[in-house]
Amino acid sequence: MSLPPDNPLPPVPSGNDCDECPGDPCTIVIFGASGDLTKRKLLPALYNLRCYGLLPSDFAIVGVARRDLTDDAFRNQLGEDMQKFATQDLDPGIWADFARRTYYCAGEFDDPATYDKLKARLDEVAPRHNTRGNCLFYLATPPSFFGSIVERLGAAGLATQENGAWRRVIIEKPFGHDTESALELNRRVTGVLEESQIYRIDHYLGKETVQNLFVFRFANGVFEPVWNRRYIDHVQITVAENIGVEDRGPYFEEAGMLRDVMQNHMLMLLALIAAEPPASFEAESVRNEKVKVLQAVRPLLPEEVLQRTVRGQYGPGRSREEPVSGYRSESRVSPTSATETFAAIKLFVDNWRWAGVPFYLRAGKRLPTRKTEIMIQFRRAPLMLFNETPVQQLEPNRLIMHIQPTEGITMQIKAKTPGPVIKLQNVKLEFNYRDFGSSSTATGYERLLYDCMTGDTTLFHRADMVMASWKIATPILDVWKSLPPREFPNYPAGSWGPAAADQLLDKDGRKWWNG
């Protein structure tokens with residue numbers, strides 16, 4: 001692959017105004033550079049940051065993976081991947097500059113020799129691209145390598161911050177398998193790195209609607225006064241996928257739905273919804289309020305796990321009008337698997353604001369649609385005013401925050417239908433992020449990568465947040481492990497999950513919000 005001469009980055013394309021400064025000069029080291037995460041998310045996100053004017057002019061990328069590749073072969077491979085996975089049209093000049101700044105280091109993740117080669121590569125790249133010794137290490141690898149990679153970085157001197165240069169490590173989920181393993185992983189990682197160097201990433205927190213939750217609550221005086229147990233009846237958080245496990249069978253067999261989605265993404269959404277107003281938008285102030293919520297979630301006793309949780313596994317059914325097989329028939333899945341592909345739980349936050357308000361969380365594979373939503377249902381208005389009218393029942397007001405696939409907010413209110421009698425109907429007050437312009441170029445990782453380059457830890461998990469979430473999830477996992485399910489599969493593909501999930505709300509006089 002022929003490369004252009006060494007020259008400055010081409011100018012940022014017109015029409016991409018940015019109100020923020022580019023990140024710090026740095027070398028971005030991606031462990032697992034040949035994997036899906038790199039080609040589908042990380043490289044497209046870095047390219048988008050360049051187009052937004054937020055990637056530093058002085059940067060380099062070093063990929064680390066097992067395959068024996070030359071720099072040119074790696075660049076060619078990334079070029080092919082970007083043709084498939086880029087979220088906007090590639091500008092030849094920008095991509096040519098990316099290629100020139102991209103390098104490869106082959107080696108096993110647990111081999112000390114790999115880190116000697118990487119150190120030599122970084123010493124070569126830093127002066128060539130003026131990255132000033134700053135390094136961002138992204139662990140896009142299986143979780144089993146997280147601890148050993150960090151320890152190898154420390155042993156090779158690559159995690160040491162000196163002469164004003166920073167070293168930061170982004171760790172993908174899952175951070176541990178349960179409370180005990182999370183504690184052990186944290187011990188290994190903090191044995192090498194300061195907490196300020198550790199960026200535990202959750203890509204859900206990079207989505208616009210999630211970032212907008214605090215702004216929505218605290219910048220609008222109309223909502224915060226009613227954001228409490230006096231006015232809110234309950235909260236539902238739904239993460240629904242209409243696909244199965246696809247080629248992730250071995251991973252999902254180990255994880256299950258509770259570990260894969262609930263312990264991290266969904267509990268962090270709960271924390272954002274329920275947090276008290278922070279003293280400021282400084283990172284530690286925001287993270288302090290989120291961890292207080294997680295620590296206030298009432299842990300489930302073993303008998304409560306049986307009453308307030310539901311697990312399910314999809315069997316054969318229909319998805320988008322096509323017949324599909326059950327989970328146990330998926331590739332590399334045990335034909336007798338007891339892994340849950342659906343989970344629903346009922347939680348309470350024991351503090352002054354939320355006492356008595358249930359939070360219902362559900363997530364599942366092979367459901368009727370793909371969506372992630374937060375639904376806040378307000379208490380019903382008294383009916384006395386309408387006693388002498390045809391109105392028989394007042395539906396509650398609902399606030400729905402759409403996170404994916406479309407991002408936006410909907411408020412359901414009541415209005416009178418035109419005519420001589422009082423007849424009510426639901427009216428939607430809504431906006432979509434597309435109203436602000438095209439958002440198709442975002443992968444969800446742009447904000448998080450940029451924040452790491454600037455040292456902003458607001459959207460990343462602190463160790464105490466991770467431990468608090470595992471203390472919620474582990475008692476459920478322990479009971480489920482001790483009492484294997486006997487009725488799996490218990491819901492057909494294409495349905496909204498097992499009947500027990502509906503009963504979880506029915507006995508409270510409530511219903512799941514399916515839109």
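**Exercise 1.** State whether helix H11 is mostly covered or mostly open, and find what its buried residues pack against.

Solution. Helices (H or I, at least four residues) and strands (E, at least two) are DSSP runs, numbered from the N terminus. Helix H11 spans residues 446-454 and is mostly covered, with seven of its nine residues buried. Buried means under 20% relative accessible area, exposed over 50%, and partly exposed in between (1.4 Å probe, protein chains only). The buried residues of H11 are Glu446, Leu448, Leu449, Tyr450, Asp451, Cys452 and Met453. They pack against strand E1 (26-31), helix H1 (36-52), strand E4 (135-139), strand E5 (167-171) and strand E6 (198-200). Just after H11, Gly455 has a positive phi of about 80 degrees.

This is a predicted model, in which local features need pLDDT of at least 70 and side-chain atom pairs count only at pLDDT 80 or more, while totals for chains, interfaces and linings use all residues. Residues are numbered from 1 along each chain as its sequence is written, and side-chain values use heavy atoms, with hydrogens and water left out.

**Exercise 2.** Describe how helix H12 packs with H9 and with H8.

Solution. Two packed helices are described by the angle between their axes and the distance between the axes. Axes are lines fitted to C-alpha atoms, for helices over the stretch in contact, and angles run from 0 to 180 degrees between N-to-C directions.

Step 1. H9 (residues 283-296) and H12 (residues 463-482) pack at about 15 degrees, with their axes 9 Å apart. That makes H9 roughly parallel to H12. Angles under 35 degrees count as roughly parallel, over 145 as roughly antiparallel, 65 to 115 as roughly perpendicular and the rest as oblique.

Step 2. On the H9 side, Arg287, Lys290, Val291, Leu294 and Gln295 meet Asp464, Met465, Ala468 and Ile472 of H12. Contact means heavy atoms within 4.5 Å.

Step 3. The axes of H8 (residues 249-274) and H12 come within 10 Å and cross at roughly 140 degrees. H8 and H12 are therefore oblique to each other. Residues of H8 that meet H12 include Leu258, Arg259 and Gln263; among their partners in H12 are Met465, Trp470 and Trp480.

**Exercise 3.** Classify the ring pairs Phe109 with Phe145 and Tyr360 with Trp512.

Solution. A pair of aromatic rings is described by the distance of the centres and the angle of the planes. Rings of Phe, Tyr and Trp (its six-membered ring) pair if their centres lie within 6.5 Å; planes under 30 degrees apart count as stacked, over 60 as edge-to-face and the rest as tilted.

Step 1. The whole structure holds 16 aromatic pairs. The centres of Phe109 and Phe145 are 5.2 Å apart and their planes stand at 80 degrees, so the pair is edge-to-face. Phe109 lies in the loop between strand E3 (102-106) and helix H4 (112-129), and Phe145 in the loop between E4 and helix H5 (146-155), 36 residues apart. Both are buried.

Step 2. For Tyr360 and Trp512 the centres are 6.1 Å apart and the planes at 70 degrees, so this pair is also edge-to-face. Tyr360 is in strand E13 (residues 358-364) and Trp512 in the segment after helix H13 (499-506), 152 residues apart. Tyr360 is buried at a relative accessible area of 0%, and Trp512 counts as buried at 9%.
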